[in-house]
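Hi everyone, thanks for coming.

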Amino acid sequence: MVKEDRNNLKRLQEIIKVLSKYEFGYLIEKIKLKHKIPLVSPSYDYESLEELDETTPERLRLVLQELGPTFIKLGQTLSTRPDLVGRKIANEFAKLQDDNPPIEFDIIRSVVEQELGSPIDKIFSSFDAEPLGSASIGQVHSAVLNSGENVAVKIQKPGVEKFIKSDIAIMQFLAKRIDNYVPQFKIYNVPGIVEEFKRSILKEIDYENEAMNLKRFSYNFKNDETVHVPKLYNKYSTLKVITMELVSGKKISDITLAEGFDPKLVAERGAVSYFKQVIDYGFFHADPHPSNIYILDDNVICYIDFGMMGVLDEEFKQNLAELIIYFIDNNVNGMINQLKYMDMIDEHYVDTKSLKYDLTDMMYKYYGTELNEVHGGMNDLINLMRKYHVTMPREFVLLARGIGMVEETGEKLDPTFNAVLVCKPIIKQVIRKKLTPLNFVDYVKKNIIEMEHVLKSVPLTITKTLYKLEEGEIRIKIEHEGLERITNKLSVALILSALLIGSSMIMTTDNGVLMIKFPYLGVLGFVISAILAIFLVISIFRDRGI
């Protein structure tokens, strides 16, 4: 434990030095960590966070790049969250490269044999020593099984898990200090960002999780001839090794220069397959950039790398479909009401009137244009929602990014490509399904057990309530804000009435001490009544804000 703490402290000092190198020294001082690097003088020109200039996104990217694998992965994750970090930083983080020099084949061999429990030549008739690719977490090698199938074997690099968990612990420490000492960053919920990243990267280093994703994706498209999913070899897959079919095709970004492909058909099939993932299955590829999509013979779409997936439940799918329909139909009121219904807008914190005006302005940008000119709308919507601090689920933003990638790739393949035309029929099909009586029957089927529990508990609840009512054990508690003030005013009004009546009766007599030919007590009563009346009127006006 002492050695681990010493290593963490050494790593923390390294992180702080890199931050200082790229002119984030003020942030180090704000979170009170300058004493950790006493021999390093400040290398920044900024006196406050407000003065950070347009070079900030680039400098942040350089910090993450220099700090290595875990921080590169953090940047890549944040590149999918423009709602949190803004479009400029997200775009800059998208440039982060995860290419790493390959590790020695002897180490790879050792990991494979240890994980699969057998010498490598007992499983594979050949195993290419040169990797197809090497990233920070693992590297991929082509091989041939003894049964003759060509496969791609992804192997996790030794020590990666321990290194990542150590970096995450440091990230959590820094995030907590930033949240405590830098009020300007409160709105970004930095500890929450790190926590989300932690869940994401721990899933990514779990190859069994990726294998399960691949199986589920394969099941969803088992009857779709336009989509191919690589076969998983479960027998040769573990927590740190995953073996799947080696795909022989071209990256989707390369088919425009190759013969035998129909770019227009590929663009349409790619978009249809993606919207099916989202709307039909609620299980979608969260990183569909061109390097993760291959095109096989006959223009068949093939997705690879299933480490990051988005999941939508049935209710969210239907609500999302309705939101997109409102967006396509330029229905601003419908969009705002739908966002409220989805609990993404809290009227106590979001200025819905201003949001409505800005949404209307955004819609005018698209209104009256040809459908093939309508692109980038989802990104515009994300930016607007970020401006008003609208709460957006992670899946919503991943989806927006995915749609943006599909749209961009489709336009490169076919200049007339229109994602709106592709997705609209699929979404309307979901809406029709929601409005059919069969949907209600399906709802009853899914909730029948819970309804049965409720029905069973009703007689007992009624019996208990009646018993308490009979025994006089039920009490009703009523709270009324401002009741005490109302009671005080009522008391003053009653006293005022009594004084007026009493004073009037005294004024009709000739007894007692007289003042200006009227009884002294009567005059005194009217004076006190006037004072009370003035007090009561002023009090009422104050409460009404008059």
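Let's begin with strands β4 (residues 150–156) and β6, which run antiparallel and are joined by five bridges. Strands here, E runs of at least two residues, and helices, H or I runs of at least four, come from DSSP and are numbered from the N terminus. Two strands pair if DSSP finds at least two bridges between them.

Before going on, two notes on the source. This is a predicted model, in which local features need pLDDT of at least 70 and side-chain atom pairs count only at pLDDT 80 or more, while totals for chains, interfaces and linings use all residues. Residues are numbered from 1 along each chain as its sequence is written, and side-chain values use heavy atoms, with hydrogens and water left out.

Back to our strands: V153 stands opposite T243 in β6. Strand β6 (residues 241–245) is mostly covered, with four of its five residues buried. Buried means under 20% relative accessible area, exposed over 50%, and partly exposed in between, with a 1.4 Å probe and protein chains only.

Now to another sheet. Four strands form an open sheet in the order β5-β10-β9-β7, with mixed pairing. Its edge strands are β5 (227–228) and β7 (250–251), each pairing on one side only. Between β5 and β10 there are two bridges, and these strands run parallel; V227 stands opposite I301 in β10.

Keep an eye on I293, which is found in strand β9 (residues 293–296). I293 counts as buried because its relative accessibility is 8%. From I293 to Y303 is ten residues in sequence and 4.6 Å in space, C-alpha to C-alpha.

Y303 takes us to the aromatics, where F217, F221, Y281, Y303 and F306 form one cluster. Rings of Phe, Tyr and Trp (its six-membered ring) pair if their centres lie within 6.5 Å; planes under 30 degrees apart count as stacked, over 60 as edge-to-face and the rest as tilted. How many aromatic pairs does this rule give? The count is seven. One of them is F124 with F127: the ring centres are 5.2 Å apart and the planes stand at 75 degrees, so this pair is edge-to-face. F124 is buried at 2% relative accessibility, and F127 is buried at 14%.

Then there is F217 with F306, where the centres are 5.0 Å apart and the planes at 55 degrees, so we call the pair tilted. F217 lies in helix α11 (residues 207–220) and F306 in the loop between β10 (300–303) and β11 (309–311), so the pair ties together parts that are 89 residues apart in sequence. Both F217 and F306 are buried.
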